[in-house]
Amino acid sequence: MNDALPLLEAKNIFKVFQKGGKRVEVLKGVNLKIDSGSMIAIVGPSGVGKSTLLYILGTLEKPSVGNILYHGENLYEKSPDELAKLRNNKLGFVFQFHYLLTEFNAIENIMIPALICGWDKKKAREASMEILIKVGLQDRMQHKPGELSGGEQQRVAVARSLIMNPEILLADEPTGNLDSKTGNELQELLFEFNKEMNTTIIIVTHNETLAGRLNKIIHIQDGKIVN
């Protein structure tokens, strides 16, 4: 493995959708390099392809043209099973909506990626308890999502995304549904994980204050990166 390589690289990414019989070109030749441990903001008006780019970087979407390289390896040459394993072990995802399973409590929701990976329940529970303490929810372990505030639910979602200690955390408007105080608390939590665990964090956001605090801002306009 060549340490000189960027952690993640997008090369000539195009994405085309068919909508109502029309061809819609969302991304138009995006090139991007992301180094290990960095914090990146992807910004721009609604509908310009920010989330689409994030999903392609995280292998949730496949580009129409172009490649995503992870440690120099082309991700889209991997099989679906290999990509699923990579997403579970190396990538963490946080969305605007938390997508917690309502029938499970906080600690059970966080355990899910570890159990999928084959950890035994004792190890998964211990790791989940540890990360719940880190996000300040040690008193809410047995609460189900419906018994948690919006901010608490999003903290559980962040904890779930980090249980496998991923190299990369991809976040799509993670504070979009939170009030400013709760949103600021969640931002600080992300900065702490970046500092303590060297987690590379890529955030799609409309929050200019948050974007301004990150290492690099990627502006998307008309499907392209602009300065």
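A residue is called buried when its relative accessible area is under 20%, exposed when over 50%, and partly exposed in between, using a 1.4 Å probe and protein chains only. By that definition, five of the five residues of strand β8 (residues 200-204) are buried, and the strand is mostly covered. The model is predicted: local features need pLDDT of at least 70 and side-chain atom pairs count only at pLDDT 80 or more, whereas totals for chains, interfaces and linings use all residues. Residues are numbered from 1 along each chain as its sequence is written, and side-chain values use heavy atoms, with hydrogens and water left out.

- Strands are DSSP runs of E with at least two residues, and helices are runs of H or I with at least four, each numbered from the N terminus.
- Both faces of β8 are covered, with T200, I202 and V204 buried on one side and I201 and I203 buried on the other.
- In a regular strand the side chains alternate between the two faces of the sheet.
- Two strands pair if DSSP finds at least two bridges between them.
- Strand β3 (residues 39-43) runs parallel to β8 and is joined to it by four bridges; M39 has I201 as its bridge partner in β8.
- Strand β7 (residues 168-172) also pairs with β8 in the parallel sense, over five bridges, and the partner of L169 in β8 is I201.
- A right-handed β-α-β unit is made by β7, helix α6 (residues 180-197) and β8; right-handed means that, with the strands pointing away from the viewer, the path from the first strand over the helix to the second runs clockwise.

**The open sheet**

- Four strands form an open sheet in the order β2-β1-β4-β5, with antiparallel pairing.
- Its edge strands are β2 (22-34) and β5, each of which pairs on one side only.
- Ten bridges link strand β1 (residues 8-19) to β2 in the antiparallel sense, and F14 has K28 as its bridge partner in β2.

**Residue N74**

- N74 belongs to strand β5 (residues 73-74) and counts as buried because its relative accessibility is 15%.
- Its side chain makes a polar contact (a pair of N or O atoms within 3.5 Å; within protein, one must be able to donate a hydrogen and the other to accept it, and residues adjacent in sequence count only if both atoms are side-chain atoms) with the side chain of N67, at 3.1 Å.
- A polar atom of the N74 side chain also lies 3.1 Å from the backbone nitrogen of Y76.
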